[in-house]
Amino acid sequence: MVITEQLNELPVKTYRWLKVNGLTLPEPLELTVQPYPKAYLTFTPMAGLTVQAMPEVHLKDRLGVDHAAYGASPELVSLSETQHNAGVQVHAGRGVKCPDPIVVSYQCSSDSPVVVDHNVIYGEEGSSLTVIFQYTGDGSSAVHNGTLKVYAQPGAEINVIRIQHMPDDAHHFDSIAAFVGEGAQVNFVHVELGGALSAVNYKAELQARGALDISGAYFGGGKGRLDLNYLAEHYGEGSSSQILIHGALQGEAKKIFRGTIDLKRGARGSKGRELESVLLLDERARSIAVPLLLAGEDDVEGEHAASAGKVDAKKLHYLMARGLSERQATQLLVEAAFQPVLDRLPSDAWRALVRQELGWRLSQCPST
Amino acid sequence: MSEAARKKTYVEDISRDLYDEYNPFTYSYKAERGLTPDIVREISKRKNEPSWMTEFRLQSLDIYYQLDVPPWGPNLDELDIDNIITYVKPPTDMRYSWDDVPEDIKNTFVRLGIPQAEHASLAGVGAQYDSEVVYHSVKESIAKQGVVYLDMESALREYEGLIKEYFMSLVPPSDHKFAALHGAVWSGGSFVYVPPGRHVEIPLQSYFRANAPGAGQFEHTLIIVDEGSYLHFIEGCSAPKYSVNNLHAGCVELFVKEGARLRYSTIENWSKNMFNLNTKRCLVDKNGVIEWVSGSFGSRVSMLYPMSILRGEGAKAEFTGITFAGEGQYLDTGAKVVHAAPYTTSNINSKSISKGGGTAVYRGVVKITERAKHSKSTVSCESLMLDAQSRSDTIPVIDIATDEVDMGHEAKIGRISDAAIFYLMSRGISEEEAKAMIVRGFVEPIAKELPLEYAVEMNNLINLELEGTIG
């Protein structure tokens, strides 16, 4: 299959000369899906929890949910939903609380460089569970294209953690949709560290009193391109969303953040908040932010804030005066920017992994 | 919270009845479908323009044919784009003399309380002696300083070299379809040149743009403020245009030279059948300052994003804007800034109010190029929604290509807080008056940037809306 379509389209278009309405691939990307033979699933079995690899049956039939469009592009979503070579289906029964995270780890390598995964998480009323997805690899020309659908039934709490540290020449495409039922809570924590191109797309539909929290951290280095698109659609009364994205850009990395909070008519008493901040570690880095706030209802609160700047020179000098090299001091300050996300990771092991992957990447190019 | 407290105050729309009270003219002109080179040549010929301008118009027309209507922003389907000629009426259909203006229209102006001098200039100074007097008195006081202040047609005759150098150099016809249309059929507008080192005390006002044939809809404003000078220019009038046309594709090009400062204030209150697709742009040299003050109240659809290009070191742009979208209105407004030199600064402060099903959109961009080291930009957008039928969208873009920047952007959407209303009501103020106070407080930062008479005008427009405050 050849990927040609524009990705991550902005929900509401703006000026064309800025080229922010979507991402056009520099050249068509050819993908050959081969079987993916590795084991990727770790979990603790318990009553009321069903975890299966390779979901064959699409949940939409079972749920009768009419899916709105989602994902980075129809092409990528269709590839993943129909031709996936990996994936999991997680189902937590009514009131089932899973104490241990379910860990799904996909690894691209030279013998299986392409991972196309299709994942579904379904939490019945009052259930709670945590699923960790890891995307990594050690070969060249790695490609990951994945979909994840999260269904949180009323009162369910679903935590999803996604850690991506693919090789620096990899392509990474993520299409994520969350259906947040009444009084349900869906929390996403995601870390984007690798890839020549990462196109990540989150969309959530919120029913009454549903809550969405997305905390993201990214690092872009070399000539890496990060294309992040978030959309929170508030349909129900009293729903709330929060999108907090922190990152750092080094070398000639380019990042575009598109974040949209859409407070639909009837979503009375809803609140949406988005915040994006970026540390610029190189004069060649490029940072674009498009934080949209759409309101068709007056009884709402919506706010967004975006900021960009260098590492605080005062803090840097303070740390260097205490014996740290400039690189060490910079790394510490970048880690500080990652802290809100590190705090949300479920264990020290994951925190250590992210720190290590971040530190290794920071040291790749000299800081200026 | 009690039901009564939650009850929404009905906020009255700006009454246009007064403004809209005139009898439609019946034009004898029979429109050809589509805009043809012959029509454009005819416009140019009637104005006795130099051949380069005729060529410029024809080239613009070519570009107009090639460009599409922007696929983003408000829906322009109701604009009869294939039959654009209907908006480009020949000047022979216009009335130039106040005496020729029908009695009922004159009465409308009188009822609006527009001063006699303005009646005259709105009707066109071409045949109006009173307006000539006023016009010249302004002109003489500034002429002593060497300031040139002319309508564009006269400027093209008297300062052809300057016009040729600057005209549509900043907003080229290829910018977008309506810029191309403007290049093809522009008419009227103002030309101002302030020589170096002059501080023009009195604000200049573009009332007289209606002088020229076909003016009002495609007027061109070209202002050059030379080194170290200061000018305050006020565009548009607080009165509505007498016009049956419903497309406005004006163009404003401002050049702020080294160390100069230009304040450009606008209160737009077009009639509600107007598609206001206006392009404004300013090029700012070293240590120059552009200050935009912009109030958008009228029109059916507006697409208006004044752009500042900071190309000189230390250049600065300030934008202060208020947009009020009522029933049937879609006002898509904002500001664009390009930081193209080191140590440049921009401050954008935008407020919008939507009500009665109106849509207010803030759309803007701050672009910091790789050259713009040590730049600073702050953007603040606040939107107030007065009911659940209205819409308010914020669509900013922030594009940063260097690390030595300090950029902050904030936006908020919401309604008047119940707590604030309760507080005021607990002090014995009625709910309506409390809301009115809060709305006035909301727009106050804009009002204080306006010249007194315009601030009063804006406050009047807002007061007209608020039930219980109309005497």
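Strand E20 (residues 300-309) of chain A pairs with E21(B) in the antiparallel sense, over eight bridges. Strands pair if DSSP finds at least two bridges between them. Within this pairing, Ser307(A) has Gly408(B) in E21(B) as its bridge partner. Strands (E, at least two residues) and helices (H or I, at least four) are DSSP runs, numbered from the N terminus. The model is predicted: local features need pLDDT of at least 70 and side-chain atom pairs count only at pLDDT 80 or more, while totals for chains, interfaces and linings use all residues. Residues are numbered from 1 along each chain as its sequence is written, and chains are lettered from A and ligands numbered from 1 in the order in which they are written.

The contact between the chains involves 35 residues of chain B and 37 residues of chain A. Two residues are in contact if their C-beta atoms, placed from the backbone, lie within 7 Å. On the chain B side, strands E18 (359-368), E20 (391-400) and E21 (405-414) are the elements that give two or more residues. This side of chain B has 16 nonpolar, seven polar and 12 charged residues. Here Ala, Val, Leu, Ile, Met, Phe, Trp, Tyr, Cys and Pro count as nonpolar, Asp, Glu, Lys and Arg as charged, and the others, Gly among them, as polar.

Strand E15 (residues 225-234) of chain A is largely enclosed by the rest of the structure, because 10 of its 10 residues are buried. A residue is buried if 20 or more other C-beta atoms lie within 10 Å of its own, exposed if 12 or fewer, and partly exposed in between, with C-beta atoms placed from the backbone. Both faces of E15(A) are covered. Buried residues on one side include Asp227(A) and Leu231(A), and those on the other include Leu226(A) and Tyr230(A). E15(A) pairs in the parallel sense with strand E13 (residues 197-206) of chain A, over 10 bridges. Asn229(A) in E15(A) is the bridge partner of Asn201(A). E15(A) also pairs in the parallel sense with strand E17 (residues 254-263) of chain A, over 10 bridges. There, Leu228(A) has Phe257(A) as its bridge partner.

Lys315(A), Leu316(A), Leu319(A) and Met320(A) in H3(A) meet residues of H4(A), including Ala329(A) and Leu333(A). Just after H3(A), Gly323(A) takes a positive phi of about 95°.
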